[in-house]
Amino acid sequence: MNLIERVIAISRRRSPWICRLNAGSCNGCDIEITPLLSPRYDAEQLGVELHGTPKHADIVLISGTLTLRSRQAILDIYAQVPNPKAVVALGSCPASGNVFAGSPLVLSESLDSIVPVDVWVPGCPPRPQAILDGVARAAKLLEEGATKSQLESRRGRLS
Amino acid sequence: MAMLKTILGNLLRPPRTRGPADMPDVPPVYRGALAHDAARCTACGTCAFVCAPKAITFTQDPGVSVSWHFFIGQCSFCGLCAQNCPTQAIGLQADAPGATNSAAGDGLRLESVVRLQPCTRCGAAHVPLPDAVMEALWGVGEAERGYCPECRRRAASEKLRAAFVPVQEAHHDR
Ligand code: SF4
Ligand code: SF4
Ligand code: SF4
């Protein structure tokens, strides 16, 4: 890794831009992101900035139950995030469907079966600091080049 | 001037922002991650029954053990399992669960193994009752402590029978 690549890698950790995707959440997890961006928990102390469009983001925060209708939206938005990218799943819903599992329009499967998830933040909803911790972990993975999408593209380049 | 005073005052005060590791105190009733105590569990299945998202499951190794499984990615932290556990084997910890990299699996899974014991009378493998429950039901140092539920039932009915049906030789003065 030469100097420029090193600087780029460090800047990925020091300024992770995030975008939110509500895949069918009860809004509990999304409500917890709001204090995360407030001065109290201050995500910007880690360089985190919330952006409205996936095209500006490094990390996608996905919250909520996966539904039949949100499946395609998740795939579309994930495809629009420029490489390298990381996915953070918030709460219990993306991992299993939580209490909504088994409902007719709920997928009741892990988000991992739709897009590669790098960090899981447990909780229902998770605390703001747990979310911040999750974002920091994802940023660290981006620096190390160890997110699943980065590993995947490296594998693709080698083969 | 007033603004200057505010600025000076704020300069001297510590910031209100919390660092990522600076977790605020949570109230003692906060429902955080689950903890399970295998020594108190009787594998009755009440927790799995009341759990709406089915975060708790059981597997059996017949004759050897029963395992209690918990998947945090399915839990809604409602606390019903801890509330309904008759032996208080489940507790919801006050510390909040942290984030996990998916390299370590899709979140946190707990497994807690409840070993079966052979009955001291008939030898059938069974889940021993927790000590406190045993003491309350059967007292300390009774032979029934090592019995399986079937033999305990039998022993209890024998006791009952002995209390109601007088033995022939016994003098009954009522
Ligand atoms: S994990 Fe809990 S708080 Fe978050 S969206 Fe699901 S039900 Fe709502
Ligand atoms: S944890 Fe409690 S409720 Fe669950 S099986 Fe054990 S004793 Fe029963
Ligand atoms: S806290 Fe609620 S959702 Fe979680 S395991 Fe217990 S009963 Fe199930």
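Predicted model: local features only at pLDDT ≥ 70, side-chain atom pairs only at ≥ 80, totals over all residues.
In chain A, strand E4 comprises residues 86–90, and because five of its five residues are buried, the strand is largely enclosed by the rest of the structure. In a regular strand the side chains alternate between the two faces of the sheet. In E4(A) both faces are covered, with A:Ala86, A:Val88 and A:Leu90 buried on one side and A:Val87 and A:Ala89 buried on the other. Strand E3 of chain A, which comprises residues 59–63, runs parallel to E4(A) and is joined to it by five bridges; within this pairing, A:Val60 has A:Val87 as its bridge partner.

Most residues other than glycine have a negative phi, and most peptide bonds are trans. The peptide bond from A:Asn83 to A:Pro84, however, is cis, with omega near -10°, and A:Pro84 is placed in the loop between H3 and E4 of chain A. A cis peptide bond also joins A:Cys124 and A:Pro125, with omega about -5°; A:Pro125 lies in the loop between E5 and helix H5 (128–144) of chain A. Positive phi values occur at A:Asn27, where phi is near 85°, and at A:Asn98, where phi is near 50°. A:Asn27 is located in the loop between strand E1 (17–22) and helix H2 (28–37) of chain A, and it counts as partly exposed because its relative accessibility is 40%. A:Asn98, by contrast, is found in the loop between helix H4 (93–96) and E5 of chain A, and with a relative accessible area of 2% this residue is buried.

Ligand 1 is surrounded by residues of chain A that include both A:Asn98 and the pair A:Cys124 and A:Pro125 described above. Also among the residues around ligand 1 are A:Ser25, A:Cys26, A:Gly28 and A:Cys29, together with A:Gly64, A:Gly91, A:Ser92, A:Cys93 and A:Phe100. By class, the shell of ligand 1 divides into six nonpolar, six polar and no charged residues. Around ligand 3 there are 13 residues, of which B:Cys51, B:Cys75, B:Cys78, B:Gly79 and B:Cys81 come nearest. The shell around ligand 3 has 11 nonpolar and two polar residues, and no charged residues.

In chain B, helix H5 consists of 16 residues, 149–164, which at 1.5 Å a residue should span 22 Å, and this agrees with the 22 Å that separates its end C-alpha atoms. An α-helix has 3.6 residues a turn, so residues three or four places apart point the same way. In H5(B), the residues B:Cys151, B:Arg152 and B:Ala155 are buried. They cover an arc of only 105° around the axis, which puts them on the same side of H5(B). On the other side of H5(B), the residues B:Glu150, B:Arg153, B:Leu160, B:Arg161 and B:Phe164 are exposed.

Methods:
Residues numbered from 1 in each chain as written. Chains lettered and ligands numbered in written order. Heavy atoms only, no water. Near = heavy atom within 4 Å. Nonpolar A, V, L, I, M, F, W, Y, C, P; charged D, E, K, R; others polar. Buried < 20%, exposed > 50% of the residue type's maximum accessible area, 1.4 Å probe, protein only. Helix = DSSP H or I, 4+ residues; strand = E, 2+ residues; numbered from the N terminus. Pairing = 2+ DSSP bridges. Expected span 1.5 Å × (residues − 1). Arc of directions from axis to C-beta.
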